[in-house]
Amino acid sequence: VNLRALHCVFEAQNGQRCRELFSKADGQLMIKGETLSSLDYYVIGYCMESANDTVRSIELESCQLTAEGLDIIAQKLTPMKNVKILKIIRGDLHQKEKLLALKNLLHKLPNLESLHLDGCFKDSEYSEYSKHSAWRDWMLLGELLKQTTHLQLLSLSHNSIGVEYGSNSMGAQGMKALCAASSNFSSLTNLNLSCNRIGAEDMK
């Protein structure tokens with residue numbers, strides 16, 4: 001199901017049609033390369049809630065995400081117990097407000113088994129940030145991951161994680177945050193850290 005289809009059922013205020021859309025799409029919501037307005041986020045939240053029991057996976061790829069928008073979606077939802085997969089690809093999550101909004105959204109996905117946050121945290125995005133801000137963001141991510149108790153797959157590829165460029169680098173902070181959260185990963189069977197900066201120091 002794409003954004004245009006969601007707008008169509010939203011304009012018709014047709015919850016049954018929305019459920020039918022998701023059923024035909026195997027419960028997959030996939031939005032790529034969109035600049036999302038507040039209305040778009042509202043429509044996404046409304047339609048996901050209308051089709052609550054039929055939504056299985058959510059994918060936002062190369063979308064310009066905002067903290068306000070993620071909060072709008074989270075506020076519209078009651079817990080979506082059938083959503084197993086959340087993918088945010090190249091979504092720019094390197095702000096405290098966005099991470100807190102994502103935390104609120106994850107709270108509404110209690111049975112999530114697969115979480116992809118690929119290309120959402122990069123050193124280049126921290127050029128205007130202090131090291132303290134980067135550490136805060138990574139630790140927020142670590143806290144966020146602790147609430148995903150059923151997680152089986154976690155993908156954090158293309159995020160500059162690792163100490164290859166020094167123990168005080170942003171990537172090193174990411175590795176520390178990941179390790180801090182790992183004690184909660186009792187169900188995790190697949191961890192993808194490809195295309196990062198991981199070396200021997202990280203393995204220690």
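Predicted model: local features only at pLDDT ≥ 70, side-chain atom pairs only at ≥ 80, totals over all residues.
The strands of the model form an open sheet of 6 members, arranged in the order E1-E2-E3-E4-E5-E6 with parallel pairing. Strand E1 (28-32) and strand E6 (190-192) lie at the edges, each pairing on one side only, and from one strand to the next the twist averages 5°. Within this sheet, strand E3 (residues 85-89) runs parallel to strand E4 (residues 114-118), the two being joined over 5 bridges, and Lys87 has His116 in E4 as its bridge partner.

Leaving aside neighbours within four places in sequence, Gly91 is in contact with Cys63, Leu65, Gly119 and Cys120, while its C-alpha atom is separated by 7.9 Å from that of Leu117, a residue 26 places away along the chain.

A search of the whole structure for disulfides finds 0. For Cys47, the closest cysteine sulfur is that of Cys18, and because the two sulfur atoms are 4.1 Å apart, they are too far from each other for a bond, given that a disulfide requires sulfur atoms within 2.5 Å.

| Residue | Relative accessibility | Class |
|---|---|---|
| Cys47 | 0% | buried |
| Gly91 | 1% | buried |
| Cys195 | 51% | exposed |

Cys195 is classed as exposed because its relative accessible area is 51%, and exposed means over 50%.

Conventions. Residues numbered from 1 in each chain as written. Heavy atoms only, no water. Pairing = 2+ DSSP bridges. Helix = DSSP H or I, 4+ residues; strand = E, 2+ residues; numbered from the N terminus. Axes fitted to C-alpha atoms, helices over the stretch in contact; angles between N-to-C directions. Buried < 20%, exposed > 50% of the residue type's maximum accessible area, 1.4 Å probe, protein only. Contact = heavy atoms within 4.5 Å.
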